[in-house]
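This report describes a predicted model of a protein with chains lettered from A. The sequence and structure come first, and the notes follow.

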There are 2 protein chains.
Amino acid sequence: MVNEKNYKKRDAILSYLRQTHTHPSAEMVYGEVKSQIPDISLATVYRNLATFRQRGDIVCIGTVNGMERYDGNTRPHVHFICEGCYKVLDMPEISLSEQVYNQARSLYGCTANYCNLTINGLCDECTAHQEGEHIA
Amino acid sequence: MVNEKNYKKRDAILSYLRQTHTHPSAEMVYGEVKSQIPDISLATVYRNLATFRQRGDIVCIGTVNGMERYDGNTRPHVHFICEGCYKVLDMPEISLSEQVYNQARSLYGCTANYCNLTINGLCDECTAHQEGEHIA
DNA sequence: CTCCTAAATGAGAATGACTATCATTTACAA
DNA sequence: TTGTAAATGATAGTCATTCTCATTTAGGAG
(Lines give C-alpha, C1' and ligand atoms only; values in the text may rest on other atoms or scores of the structure.)
Protein backbone atom coordinates (compact mmCIF):
# COMPACT_ATOMS: atom_id res chain seq x y z
CA MET A 1 0.00 0.00 0.00
CA VAL A 2 1.76 3.08 -1.23
CA ASN A 3 0.76 6.57 -0.17
CA GLU A 4 -2.22 5.63 1.97
CA LYS A 5 -2.76 9.00 3.54
CA ASN A 6 -6.07 10.25 4.78
CA TYR A 7 -7.85 9.49 1.56
CA LYS A 8 -10.68 7.32 2.77
CA LYS A 9 -13.20 10.14 2.93
CA ARG A 10 -11.86 11.81 -0.15
CA ASP A 11 -12.11 8.62 -2.13
CA ALA A 12 -15.59 7.91 -0.80
CA ILE A 13 -16.78 11.30 -2.06
CA LEU A 14 -15.25 10.87 -5.49
CA SER A 15 -16.43 7.32 -5.98
CA TYR A 16 -19.96 8.32 -5.01
CA LEU A 17 -19.91 11.11 -7.55
CA ARG A 18 -18.79 8.64 -10.19
CA GLN A 19 -21.45 6.10 -9.28
CA THR A 20 -24.54 8.25 -9.01
CA HIS A 21 -26.56 9.79 -11.80
CA THR A 22 -28.37 12.30 -9.59
CA HIS A 23 -25.93 15.17 -10.17
CA PRO A 24 -25.97 15.86 -6.45
CA SER A 25 -25.47 19.08 -4.57
CA ALA A 26 -22.92 19.33 -1.77
CA GLU A 27 -25.62 18.63 0.82
CA MET A 28 -26.76 15.56 -1.11
CA VAL A 29 -23.19 14.24 -1.27
CA TYR A 30 -22.80 14.92 2.43
CA GLY A 31 -25.96 13.02 3.32
CA GLU A 32 -25.03 10.01 1.21
CA VAL A 33 -21.39 9.70 2.27
CA LYS A 34 -22.37 10.27 5.91
CA SER A 35 -24.43 7.09 5.80
CA GLN A 36 -21.24 5.19 4.99
CA ILE A 37 -18.81 7.25 7.09
CA PRO A 38 -20.77 8.86 9.91
CA ASP A 39 -17.95 11.05 11.22
CA ILE A 40 -17.50 13.06 8.06
CA SER A 41 -17.85 16.82 8.11
CA LEU A 42 -19.69 19.03 5.66
CA ALA A 43 -16.56 21.14 5.34
CA THR A 44 -14.66 18.11 4.08
CA VAL A 45 -17.25 17.60 1.37
CA TYR A 46 -17.00 21.21 0.21
CA ARG A 47 -13.22 21.16 0.37
CA ASN A 48 -12.88 18.01 -1.67
CA LEU A 49 -15.46 19.10 -4.21
CA ALA A 50 -13.37 22.22 -4.82
CA THR A 51 -10.22 20.12 -5.13
CA PHE A 52 -11.83 17.67 -7.54
CA ARG A 53 -13.06 20.49 -9.70
CA GLN A 54 -9.60 22.07 -9.90
CA ARG A 55 -8.10 18.73 -10.88
CA GLY A 56 -10.79 18.16 -13.48
CA ASP A 57 -12.03 15.01 -11.79
CA ILE A 58 -15.57 16.36 -11.62
CA VAL A 59 -17.57 19.05 -13.31
CA CYS A 60 -19.90 21.78 -12.08
CA ILE A 61 -23.23 21.80 -13.86
CA GLY A 62 -24.45 25.07 -12.47
CA THR A 63 -26.63 26.44 -9.71
CA VAL A 64 -30.07 24.83 -9.37
CA ASN A 65 -32.41 26.32 -6.77
CA GLY A 66 -29.50 28.10 -5.13
CA MET A 67 -27.25 25.05 -4.93
CA GLU A 68 -24.35 24.04 -7.12
CA ARG A 69 -24.71 20.60 -8.71
CA TYR A 70 -21.77 18.31 -9.42
CA ASP A 71 -21.19 15.56 -11.93
CA GLY A 72 -18.55 12.82 -11.82
CA ASN A 73 -18.98 12.22 -15.53
CA THR A 74 -16.61 14.72 -17.12
CA ARG A 75 -17.32 13.79 -20.70
CA PRO A 76 -19.34 16.55 -22.40
CA HIS A 77 -23.04 15.84 -22.36
CA VAL A 78 -26.30 17.73 -22.10
CA HIS A 79 -28.37 18.15 -18.93
CA PHE A 80 -32.06 18.68 -18.40
CA ILE A 81 -32.95 20.71 -15.31
CA CYS A 82 -36.49 20.41 -13.99
CA GLU A 83 -37.70 23.73 -12.63
CA GLY A 84 -40.41 21.93 -10.63
CA CYS A 85 -38.56 19.30 -8.57
CA TYR A 86 -35.01 20.43 -9.37
CA LYS A 87 -33.88 17.03 -10.57
CA VAL A 88 -31.10 16.98 -13.13
CA LEU A 89 -31.15 14.39 -15.92
CA ASP A 90 -28.59 13.40 -18.49
CA MET A 91 -29.70 13.77 -22.08
CA PRO A 92 -27.36 11.47 -23.98
CA GLU A 93 -29.68 11.62 -26.98
CA ILE A 94 -28.63 15.19 -27.62
CA SER A 95 -25.00 15.51 -28.61
CA LEU A 96 -23.19 18.76 -28.66
CA SER A 97 -20.67 18.45 -31.45
CA GLU A 98 -16.97 18.90 -30.90
CA GLN A 99 -17.37 21.45 -33.62
CA VAL A 100 -18.98 23.86 -31.16
CA TYR A 101 -16.15 23.37 -28.72
CA ASN A 102 -13.51 24.02 -31.36
CA GLN A 103 -15.46 26.93 -32.77
CA ALA A 104 -15.42 28.59 -29.37
CA ARG A 105 -11.69 27.98 -29.13
CA SER A 106 -10.97 29.67 -32.42
CA LEU A 107 -13.15 32.69 -31.78
CA TYR A 108 -11.63 35.67 -29.97
CA GLY A 109 -8.57 33.55 -29.30
CA CYS A 110 -10.31 32.32 -26.21
CA THR A 111 -9.21 29.37 -24.21
CA ALA A 112 -12.32 27.28 -23.95
CA ASN A 113 -12.10 24.84 -21.10
CA TYR A 114 -15.59 23.62 -20.73
CA CYS A 115 -18.88 23.55 -22.55
CA ASN A 116 -22.11 23.47 -20.61
CA LEU A 117 -25.48 22.98 -22.26
CA THR A 118 -28.52 22.84 -20.02
CA ILE A 119 -32.13 22.61 -21.03
CA ASN A 120 -34.56 24.00 -18.49
CA GLY A 121 -38.19 23.00 -18.21
CA LEU A 122 -40.58 20.67 -16.46
CA CYS A 123 -39.97 16.94 -16.33
CA ASP A 124 -42.81 14.59 -17.26
CA GLU A 125 -43.77 14.02 -13.64
CA CYS A 126 -44.00 17.70 -12.84
CA THR A 127 -45.83 18.37 -16.09
CA ALA A 128 -48.46 15.77 -15.21
CA HIS A 129 -48.73 17.08 -11.68
CA GLN A 130 -49.22 20.62 -12.91
CA GLU A 131 -51.97 19.62 -15.34
CA GLY A 132 -53.83 18.01 -12.45
CA GLU A 133 -54.16 21.45 -10.94
CA HIS A 134 -56.06 24.28 -12.56
CA ILE A 135 -53.06 26.19 -13.73
CA ALA A 136 -52.72 27.43 -17.28
CA MET B 1 -50.66 59.33 -20.40
CA VAL B 2 -52.37 56.12 -19.54
CA ASN B 3 -51.32 53.99 -16.60
CA GLU B 4 -48.34 56.05 -15.53
CA LYS B 5 -47.90 54.39 -12.20
CA ASN B 6 -44.62 54.07 -10.36
CA TYR B 7 -42.78 52.62 -13.30
CA LYS B 8 -39.87 55.03 -13.63
CA LYS B 9 -37.47 52.84 -11.71
CA ARG B 10 -38.86 49.64 -13.14
CA ASP B 11 -38.52 50.96 -16.66
CA ALA B 12 -35.03 52.25 -15.96
CA ILE B 13 -33.94 48.78 -14.87
CA LEU B 14 -35.45 47.06 -17.86
CA SER B 15 -34.19 49.54 -20.41
CA TYR B 16 -30.69 49.30 -18.97
CA LEU B 17 -30.80 45.53 -19.29
CA ARG B 18 -31.88 45.89 -22.91
CA GLN B 19 -29.15 48.40 -23.71
CA THR B 20 -26.12 46.82 -22.13
CA HIS B 21 -24.14 43.86 -23.36
CA THR B 22 -22.38 43.23 -20.05
CA HIS B 23 -24.89 40.63 -18.81
CA PRO B 24 -24.86 42.35 -15.43
CA SER B 25 -25.42 40.97 -11.98
CA ALA B 26 -27.98 42.51 -9.65
CA GLU B 27 -25.29 44.61 -8.00
CA MET B 28 -24.07 45.85 -11.37
CA VAL B 29 -27.61 46.84 -12.35
CA TYR B 30 -28.01 48.58 -9.01
CA GLY B 31 -24.82 50.57 -9.42
CA GLU B 32 -25.67 51.66 -12.94
CA VAL B 33 -29.29 52.62 -12.35
CA LYS B 34 -28.33 54.37 -9.11
CA SER B 35 -26.19 56.77 -11.10
CA GLN B 36 -29.33 57.85 -12.94
CA ILE B 37 -31.81 57.56 -10.07
CA PRO B 38 -29.91 57.96 -6.80
CA ASP B 39 -32.79 57.08 -4.48
CA ILE B 40 -33.28 53.57 -5.78
CA SER B 41 -33.02 50.62 -3.43
CA LEU B 42 -31.22 47.35 -3.99
CA ALA B 43 -34.40 45.54 -3.00
CA THR B 44 -36.21 47.20 -5.88
CA VAL B 45 -33.61 45.88 -8.28
CA TYR B 46 -33.94 42.32 -7.01
CA ARG B 47 -37.73 42.52 -6.97
CA ASN B 48 -37.99 43.78 -10.52
CA LEU B 49 -35.42 41.32 -11.82
CA ALA B 50 -37.58 38.51 -10.44
CA THR B 51 -40.68 40.04 -12.00
CA PHE B 52 -39.02 40.47 -15.38
CA ARG B 53 -37.84 36.90 -15.35
CA GLN B 54 -41.32 35.58 -14.57
CA ARG B 55 -42.75 37.63 -17.39
CA GLY B 56 -40.06 36.45 -19.78
CA ASP B 57 -38.76 39.98 -20.34
CA ILE B 58 -35.26 38.95 -19.34
CA VAL B 59 -33.30 35.74 -19.01
CA CYS B 60 -31.02 34.32 -16.35
CA ILE B 61 -27.70 33.17 -17.73
CA GLY B 62 -26.52 31.40 -14.61
CA THR B 63 -24.36 31.98 -11.58
CA VAL B 64 -20.92 33.43 -12.24
CA ASN B 65 -18.60 33.82 -9.26
CA GLY B 66 -21.55 33.42 -6.91
CA MET B 67 -23.75 35.99 -8.62
CA GLU B 68 -26.62 35.47 -11.02
CA ARG B 69 -26.20 37.24 -14.35
CA TYR B 70 -29.09 38.66 -16.35
CA ASP B 71 -29.63 39.31 -20.04
CA GLY B 72 -32.22 41.59 -21.64
CA ASN B 73 -31.77 39.76 -24.93
CA THR B 74 -34.18 36.86 -24.67
CA ARG B 75 -33.48 35.36 -28.07
CA PRO B 76 -31.50 32.12 -27.70
CA HIS B 77 -27.79 32.67 -28.07
CA VAL B 78 -24.55 31.32 -26.69
CA HIS B 79 -22.49 32.90 -23.91
CA PHE B 80 -18.82 32.78 -23.12
CA ILE B 81 -17.95 33.06 -19.44
CA CYS B 82 -14.41 34.07 -18.52
CA GLU B 83 -13.24 32.27 -15.42
CA GLY B 84 -10.52 34.87 -14.89
CA CYS B 85 -12.34 38.22 -14.88
CA TYR B 86 -15.90 36.88 -14.87
CA LYS B 87 -17.00 38.85 -17.89
CA VAL B 88 -19.75 37.34 -20.01
CA LEU B 89 -19.66 37.69 -23.78
CA ASP B 90 -22.20 36.93 -26.45
CA MET B 91 -21.10 34.42 -29.06
CA PRO B 92 -23.42 35.10 -31.99
CA GLU B 93 -21.15 33.14 -34.28
CA ILE B 94 -22.16 29.92 -32.58
CA SER B 95 -25.76 29.08 -33.19
CA LEU B 96 -27.60 26.42 -31.27
CA SER B 97 -29.98 24.91 -33.74
CA GLU B 98 -33.71 24.91 -33.14
CA GLN B 99 -33.30 21.21 -33.70
CA VAL B 100 -31.74 20.84 -30.27
CA TYR B 101 -34.59 22.75 -28.68
CA ASN B 102 -37.24 20.63 -30.39
CA GLN B 103 -35.32 17.45 -29.70
CA ALA B 104 -35.38 18.26 -26.01
CA ARG B 105 -39.09 18.92 -26.23
CA SER B 106 -39.84 15.56 -27.79
CA LEU B 107 -37.67 13.52 -25.41
CA TYR B 108 -39.20 12.22 -22.22
CA GLY B 109 -42.30 14.29 -22.96
CA CYS B 110 -40.61 17.12 -21.17
CA THR B 111 -41.70 20.69 -21.34
CA ALA B 112 -38.60 22.52 -22.41
CA ASN B 113 -38.84 26.18 -21.60
CA TYR B 114 -35.36 27.42 -22.05
CA CYS B 115 -32.06 26.39 -23.54
CA ASN B 116 -28.82 27.64 -22.04
CA LEU B 117 -25.44 27.03 -23.62
CA THR B 118 -22.41 28.52 -21.92
CA ILE B 119 -18.78 28.06 -22.81
CA ASN B 120 -16.36 28.51 -19.94
CA GLY B 121 -12.75 29.42 -20.31
CA LEU B 122 -10.33 32.34 -20.30
CA CYS B 123 -10.89 35.38 -22.50
CA ASP B 124 -8.04 36.66 -24.65
CA GLU B 125 -7.07 39.31 -22.11
CA CYS B 126 -6.89 36.86 -19.23
CA THR B 127 -5.08 34.34 -21.41
CA ALA B 128 -2.41 36.91 -22.28
CA HIS B 129 -2.15 38.01 -18.68
CA GLN B 130 -1.66 34.46 -17.51
CA GLU B 131 1.08 33.77 -20.04
CA GLY B 132 2.95 36.81 -18.72
CA GLU B 133 3.24 34.99 -15.44
CA HIS B 134 5.12 31.76 -15.00
CA ILE B 135 2.11 29.54 -14.75
CA ALA B 136 1.83 26.39 -16.76
C1' DC C 1 9.73 3.66 19.42
C1' DT C 2 9.74 8.75 19.43
C1' DC C 3 9.77 13.07 17.30
C1' DC C 4 8.71 15.86 13.32
C1' DT C 5 6.27 17.61 9.41
C1' DA C 6 2.69 18.28 6.23
C1' DA C 7 -1.71 17.21 4.71
C1' DA C 8 -6.61 16.14 5.93
C1' DT C 9 -10.18 16.85 8.84
C1' DG C 10 -14.13 18.64 12.31
C1' DA C 11 -16.54 22.10 14.32
C1' DG C 12 -18.26 26.26 14.13
C1' DA C 13 -17.83 31.20 13.03
C1' DA C 14 -17.96 34.36 9.15
C1' DT C 15 -19.25 35.82 4.56
C1' DG C 16 -22.25 37.44 1.17
C1' DA C 17 -25.89 37.02 -2.31
C1' DC C 18 -30.49 36.93 -2.10
C1' DT C 19 -35.26 37.13 0.13
C1' DA C 20 -38.83 38.50 3.37
C1' DT C 21 -40.98 41.97 6.16
C1' DC C 22 -43.26 46.08 6.98
C1' DA C 23 -44.00 50.84 7.08
C1' DT C 24 -44.10 54.55 3.65
C1' DT C 25 -44.87 56.64 -0.77
C1' DT C 26 -47.03 57.07 -5.13
C1' DA C 27 -50.61 57.37 -8.82
C1' DC C 28 -55.05 57.26 -9.91
C1' DA C 29 -60.07 57.07 -9.11
C1' DA C 30 -64.33 57.93 -6.61
C1' DT D 1 -60.27 64.83 0.20
C1' DT D 2 -60.24 60.11 0.80
C1' DG D 3 -59.44 55.35 -0.46
C1' DT D 4 -56.98 51.75 -3.04
C1' DA D 5 -53.54 48.89 -4.54
C1' DA D 6 -49.15 48.64 -6.28
C1' DA D 7 -44.22 50.07 -5.85
C1' DT D 8 -40.72 51.23 -3.03
C1' DG D 9 -36.86 51.85 0.90
C1' DA D 10 -34.68 50.22 4.69
C1' DT D 11 -33.31 46.54 7.04
C1' DA D 12 -33.54 42.15 9.25
C1' DG D 13 -33.37 37.33 8.08
C1' DT D 14 -31.97 33.13 5.40
C1' DC D 15 -28.93 29.85 3.76
C1' DA D 16 -25.31 27.95 0.75
C1' DT D 17 -20.62 28.37 0.86
C1' DT D 18 -16.09 29.69 2.67
C1' DC D 19 -12.83 30.63 6.30
C1' DT D 20 -10.39 29.79 10.64
C1' DC D 21 -8.02 27.13 13.69
C1' DA D 22 -7.23 23.44 16.68
C1' DT D 23 -6.89 18.42 16.18
C1' DT D 24 -5.87 14.14 13.95
C1' DT D 25 -3.50 11.29 10.78
C1' DA D 26 0.19 8.99 8.01
C1' DG D 27 4.60 8.42 6.98
C1' DG D 28 9.69 9.54 7.34
C1' DA D 29 14.04 10.54 9.98
C1' DG D 30 16.69 9.72 13.76
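## Salt bridges

Between chain A and chain B the count is zero. The model is predicted: local features need pLDDT of at least 70, side-chain atom pairs count only at pLDDT 80 or more, and totals for chains, interfaces and linings use all residues. Residues are numbered from 1 along each chain as its sequence is written, chains are lettered from A and ligands numbered from 1 in the order in which they are written, and side-chain values use heavy atoms, with hydrogens and water left out.

In chain A, Lys9(A) forms a salt bridge with Asp39(A), with 3.8 Å between the closest N and O atoms. This pair links distant parts of the chain, 30 residues apart: Lys9(A) sits in helix α1 (residues 8–19), and Asp39(A) in the loop between α2 (26–36) and α3 (42–55). Helices (H or I, at least four residues) and strands (E, at least two) are DSSP runs, numbered from the N terminus. Lys9(A) counts as partly exposed because its relative accessibility is 28%, and Asp39(A) counts as exposed at 58%. The classes are buried (under 20% relative accessible area), exposed (over 50%) and partly exposed in between, with a 1.4 Å probe and protein chains only.

In chain B, Asp39(B) forms a salt bridge with Lys9(B), the closest N and O atoms again lying 3.8 Å apart. Asp39(B) has a relative accessible area of 57% and is therefore exposed, while Lys9(B), at 28%, is partly exposed. Another salt bridge joins the side chains of Lys87(B) and Glu125(B), at 3.5 Å from N to O. Lys87(B) lies in the loop between β3 and β4 of chain B and Glu125(B) in helix α5 (residues 124–132), so the pair ties together parts that are 38 residues apart in sequence. Lys87(B) is partly exposed at 25%, and Glu125(B) is exposed at 54%.

## Strands within chain A

Strand β1 (residues 59–64) and strand β2 (residues 67–71) of chain A pair in the antiparallel sense over five bridges; two strands pair if DSSP finds at least two bridges between them. They form a hairpin with two residues between them, and Asn65(A) in the turn has a positive phi of about 55°. Val64(A) stands opposite Met67(A) in β2(A).

Strand β3 (residues 79–82) of chain A pairs with β4 (residues 88–90) in the antiparallel sense over three bridges, and with β5 (residues 111–122) in the parallel sense over four bridges. His79(A) has Asp90(A) as its bridge partner in β4(A), and Cys82(A) has Gly121(A) in β5(A). Five residues separate β3(A) and β4(A) in their hairpin, where Tyr86(A) in the turn has a positive phi of about 65°.

In a regular strand the side chains alternate between the two faces of the sheet. In β3(A), His79(A) and Ile81(A) point one way, Phe80(A) and Cys82(A) point the other way, and all are buried.

## A buried serine in chain B

Ser25(B) lies in the loop between α1 (8–19) and α2 (26–36) of chain B. Ser25(B) counts as buried because its relative accessibility is 3%. Leaving aside neighbours within four places in sequence, Ser25(B) is in contact (heavy atoms within 4.5 Å) with Met67(B), Glu68(B), Arg69(B) and Tyr70(B).

## The interface between the chains

Contacts join 31 residues of chain A to 31 residues of chain B. The area buried between the two chains is about 2600 Å², of which carbon and sulfur atoms give 59%; buried area is the accessible area (1.4 Å probe) that two parts lose on being put together, summed over both. On the side of chain A that touches chain B, the elements giving two or more residues are α4 (98–106), β5 and α5 (124–132). β5(A) gives the most, with twelve residues.

β5(A) and β5(B) pair in the antiparallel sense over eleven bridges. Within this pairing, Asn120(A) stands opposite Tyr114(B).

How values were computed. A salt bridge is a side-chain nitrogen of Lys or Arg within 4 Å of a carboxyl oxygen of Asp or Glu.
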